[in-house]
Amino acid sequence: MEEFLVCTAVSLVMGAALAWIHTYQNHVTKNFILTMALLPVIVQTVIMLVNGNLGTGVAVMGAFSLVRFRSMPGNSREIVSVFLAMVIGLANGMGYLGVSALLLVIVGGMTILVIRVGGSHMSEKELKITIPENLDYSGVFDDLFHKYTNRAELIRVRTVNMGSLYELQYHIELKDERSEKEFLDQIRCRNGNLTLVCGRIPVGRDEL
């Protein structure tokens, strides 16, 4: 019983650490964070209950195989986090607490390092600007982009309102999010106060 309590406590701590790592500069749901925090202790408990019993192990494997049919596919980062949580639970259930702690430090540290080196995407925005058809959109906002953004990329141009208007879609990275309103006001002065939409870039599902 003492060994079970120690392993459970370690799994809970590691699960909480893994949940924090997964939320680092990432948009996640509360349910997924709860899953990350509790999955290691659940797997660890199952492994300790099996404890070399072949018949029980086969039954548990069958039960786990059914779970995948009740789950939606996740993106690549979610899948990595789920596998890491299961490996941590497996190692703790077998008594390799040091191995699981070392694995969490290595994988977690590598995750944070890659994200920081790759740059934060929290200031990236999707900007949609509606302009009249007689306004040449080539370079009309370049000076504003140079002043307020680190990067601005024209993604798509389409006609709206039966061809009387153009909608320009940009991906931008603001230099300072506090200047967003000033930036949008400057654009409104040039597009004739037509529709302007600025928000987060839709997150794609990078499935494996």
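## Contacts along the chain

Take the contacts (heavy atoms within 4.5 Å) between residues at least 6 apart in sequence: 74% of them join residues at least 24 apart. Keep in mind that this is a predicted model, where local features need pLDDT of at least 70, side-chain atom pairs count only at pLDDT 80 or more, and totals for chains, interfaces and linings use all residues. Residues are numbered from 1 along each chain as its sequence is written, and side-chain values use heavy atoms, with hydrogens and water left out.

Of the 208 residues in the chain, 31% are buried, meaning under 20% relative accessible area, with over 50% called exposed and anything in between partly exposed (1.4 Å probe, protein chains only). The chain exposes about 13,200 Å², and carbon and sulfur atoms supply 62% of that. These areas come from the Shrake-Rupley method with a 1.4 Å probe; for residues, only the protein chains shown count as cover.

## Helices and strands

There are seven helices and four strands, both taken as DSSP runs numbered from the N terminus (helices are H or I, at least four residues; strands are E, at least two). Reading from the N terminus, the order is α-α-α-α-α-β-α-β-β-α-β.

## The sheet

The four strands make an open sheet in the order β2-β3-β1-β4, with antiparallel pairing; two strands pair if DSSP finds at least two bridges between them. At the edges sit β2 (149-160) and β4 (196-199), each pairing on one side only. Neighbouring strands are turned by 15 degrees against each other on average, direction ignored (axes are lines fitted to C-alpha atoms, for helices over the stretch in contact, and angles run from 0 to 180 degrees between N-to-C directions).

β2 and β3 (residues 165-174) share 10 antiparallel bridges, with arginine 151 standing opposite glutamate 173 in β3. The two strands form a hairpin with four residues between them, and asparagine 161 in the turn has a positive phi of about 55 degrees.

Which residues does histidine 171 contact, leaving aside its neighbours within four places in sequence? They are Lys125, Glu126, Arg151, Ala152, Glu153, Ile155 and Ile201. Histidine 171 is found in β3 and has a relative accessible area of 18%, so it counts as buried.

## Two nonpolar cores

A nonpolar core is a set of buried Ala, Val, Leu, Ile, Met, Phe, Trp, Tyr and Cys residues joined through side-chain atoms within 4.5 Å. The largest has 15 residues, and Leu127, Phe141, Tyr170 and Phe183 have the most contacts inside it. Two or more residues each come from β1, α6 (142-148), β3 and α7 (180-190), with β3 giving the largest share, four residues. Another core, of 13 residues, lies apart from it and includes Ile21, Met36, Leu39 and Ile88.

## Aromatic pairs

The structure holds six aromatic pairs: rings of Phe, Tyr and Trp (its six-membered ring) with centres within 6.5 Å, stacked if the planes are under 30 degrees apart, edge-to-face if over 60, and tilted otherwise. The rings of phenylalanine 145 and phenylalanine 183 have centres 6.1 Å apart and planes at 55 degrees, so this pair is tilted. Phenylalanine 145 lies in α6 and phenylalanine 183 in α7, so the pair ties together parts that are 38 residues apart in sequence.

Phenylalanine 145 is buried at 7% relative accessible area, and phenylalanine 183 is buried at 0%. Phe141, Phe145, Tyr148, Tyr170 and Phe183 form one aromatic cluster.
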